[in-house]
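Colleague: I'm new to reading models like this one, and I get lost quickly. Could you take one part, look at it closely, and then show me how it connects to the rest?

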Amino acid sequence: MARKLLIEHADVQGIASYDVYRKHGGYASVEKALKTMSPDEVVEEVKKSGLRGRGGAGFPTGMKWSFLAKPEGVERHLVCNADESEPGTFKDRYLMEKLPHLLIEGMITSSYALGARRSYIYIRGEFMYVLRILEKAIAEAYANGMLGKNILGSGYDLDLVVTPGGGAYICGEETALLESLEGKRGNPRMKPPFPAVKGLWGNPTVVNNVESIAAVVPIVNEGGDAYAKIGIERSTGTKLISASGNLVRPGVYEIELGLSVEEFIYGDDYCRGIANGKKLKACIPGGSSVPILPHYLVTKTAAGTDRLMTYESLADGGFASGSMLGSGGFIVFDEDQCIVRNTWNFARFYAHESCGQCSPCREGTGWMEKVLYRLEHGTGTLEDISLLEEINKKIEGNTICPLGDAAAWPVAAAIRHFRDEFEWHVKSPQEAQSRNYGLIQAPLEA
Amino acid sequence: MKADHPQAVNEAPIDFSAATMTEMKRVIGLFPEGKQKSAILSVLHLVQDELGWVSVGAMNRVAQILDIEPIEVYEVATFYTMFHLDPVGKNVLEVCRTGPCQLVGSDDLITYIEQKLDIKVGETTKDGMFTLKTVECLGACGYGPMLMCKYHFYERLTKEKVNEMLDAMREASKS
């Protein structure tokens, strides 16, 4: 069984309480950092670890931290992005619900590294029961001297607050999150200035995903070099994967990066194969915003090598034959699933969640949803398929935030790999209403 | 009257219970002096917890409490989809309809609840007991199909589980 750095103790009785968490080695990173390390030394360990942002973008966390502006006399903030709302992703909820103190410990150690004295956890409003768990854990941390004034006699003060969103996917985008945290609509900001220079209330701010902040705990405890030894190439450490769809055993798994996709889907320690004895049709490996892969590109790359659970291997082949690790939202489709229906479903999601600020996204996502609805419901034309490709190109790269790209890419990938199925919906609309298309054949050259 | 109605601002502010006011003061106090607007989403959740929905009168009162303009409350309340801007039933069933849940049967779940309650998505039962809504991804993809009601997640739903859930909600809402 692979090493678990984050959720090893998730099922220990009472681990959500301070005392039990402490007994299992909890808050060691706070003691180590505040008593024996300078803030810059903590940043250095995170850089050495090679940790990449676990929210989806995969940007190196240590580098993001080193961009933080530190003007004299200006307050800085660490904000935890717990707005988990990328379809297919539910790992942060699991981590916070089971191990609230792990996130709080990570927040303290990370805030110390950044010199933040007022930090925030912004959690999606639907997770209100998780917010209550975090509130209780934060109160325990205050009562035990891990938060508040002069933590562990180090002279370092930190206040930590958890606060809810109100139901808006866009608030997972870091500048929209900051707008929301200021009590406004979640409209993403123009960058620059980046949050590292002007973030919350105009102060320098780092926004990190829940899992990234939790990963700082083992990195500080064991050292950045030890963390970097796990994994392959620039995919270091462990990653939480949210597995959903037609699997025997969906759920949250902590994997060492570098595990083969084959093992993850079919292995006894992981998802144990496709549910109900069916065949794999397709997989979206990194949350709904990343390209879908047809079955013959899931466990092998186009070049025929084993596909691995790493940033590099999942992206192998670029958009022509690859995808992305993204947030680790691993969505699996069995042979009975309709790609057109699912593509329409996700297009409806993005149309619903577009904040409306940029015309290409506001209008484009709505049009894609309408066109895909036609195709799915038997009134589409072949021109509609090319129309989708055209709308796609007009959205991509033309918006303030990545939601536009996130809406465009999945549609483009679905058409790229499943064009026959889209055309079948046009040519045999009645048949398409009564049965599913089934599996596609791999192109001969693949 | 909706928040986008020209006369919305004239709707008289309504008062909240003492318990709600106490909790509002607490969440406002979590933010630094002068940044009380940051508590607006927490405050609107508290409003909805008390009233079941967010009326213009309630928003006008929230504006006074946070010391901001009413429009600042309307624009927020109308942006975030968790806030119900119309009266709803005692139990609002919010069924996730997004991709991963669809793969494991959310379409059938929605149809089943529609038939069972004899209402369509967006409607409320005649006795005011249930409102059925569909929502986008609730972050429970591995445990679908699912729905949320009063911040509680009902997961891996089957017809049997839905029947039990509805009965339990009816029972709990009687008292």
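Modeller: Helices (H or I, at least four residues) and strands (E, at least two) are themselves DSSP runs, numbered from the N terminus. Bear in mind that this is a predicted model, where local features need pLDDT of at least 70 and side-chain atom pairs count only at pLDDT 80 or more, while totals for chains, interfaces and linings use all residues. Residues are numbered from 1 along each chain as its sequence is written, chains are lettered from A and ligands numbered from 1 in the order in which they are written, and side-chain values use heavy atoms, with hydrogens and water left out.

Let's start with the sheet in chain B. Its 4 strands make an open sheet with mixed pairing, in the order β2-β1-β3-β4. At the edges are β2 (130–135) and β4 (152–154) of chain B; each has a single partner strand, so one side of each has no neighbour in the sheet. On average, neighbouring strands here are turned by 25° against each other, direction ignored. (For such angles, axes are lines fitted to C-alpha atoms, for helices over the stretch in contact, and values run from 0 to 180 degrees between N-to-C directions.)

Strand β1 (residues 91–96) of chain B runs antiparallel to strand β3 (residues 147–149) of chain B, and 2 bridges join them. Helix α6 (residues 106–117) of chain B lies across β1, β2 and β3 of chain B, at about 155° to β1(B). Helix α7 (residues 159–174) of chain B also packs on the sheet: it touches β1, β2, β3 and β4 of chain B (contact means heavy atoms within 4.5 Å), and its direction makes about 155° with that of β1(B).

Next, how does chain B meet chain A? The contact takes 40 residues from chain B and 56 residues from chain A. About 3900 Å² is buried between the two, and carbon and sulfur atoms give 57% of that. (Buried area is the accessible area, taken with a 1.4 Å probe, that two parts lose on being put together, summed over both.) On the chain A side, A:Glu126, A:Arg185 and A:Trp201 supply 15% of the area that chain A buries against chain B, more than any other three residues.

There are 3 salt bridges between the chains, each being a side-chain nitrogen of Lys or Arg within 4 Å of a carboxyl oxygen of Asp or Glu. In one of them, A:Arg93 meets B:Glu155, with the closest N and O atoms 2.7 Å apart. Several elements of chain A each supply at least two residues of the side that touches chain B, among them β7, β11 and α14 (339–353). The most comes from α14(A), with 8 residues.

So what does β7 look like? In strand β7 (residues 238–245) of chain A, 8 of the 8 residues are buried, so the strand is largely enclosed by the rest of the structure. (Buried means under 20% relative accessible area, exposed over 50%, and partly exposed in between, with a 1.4 Å probe and protein chains only.) In a regular strand the side chains alternate between the two faces of the sheet. Both faces of β7(A) are covered, with A:Thr238, A:Leu240, A:Ser242 and A:Ser244 on one side and A:Lys239, A:Ile241, A:Ala243 and A:Gly245 on the other.

This strand has partners too. Over 6 bridges, β7(A) pairs in the antiparallel sense with strand β8 (residues 251–256) of chain A, and A:Thr238 stands opposite A:Glu256. The two strands form a hairpin with 5 residues between them. Strand β11 (residues 329–334) of chain A runs parallel to β7(A), joined by 4 bridges; there, A:Ile331 is the bridge partner of A:Ser244.

Finally, follow the chain past β11(A): A:Asp336 lies in the loop between β11 and α14 of chain A. At 35% relative accessibility, A:Asp336 counts as partly exposed. Leaving aside neighbours within four places in sequence, A:Asp336 is in contact with A:Lys278 and A:Asn436.

Notes
Pairing = 2+ DSSP bridges.
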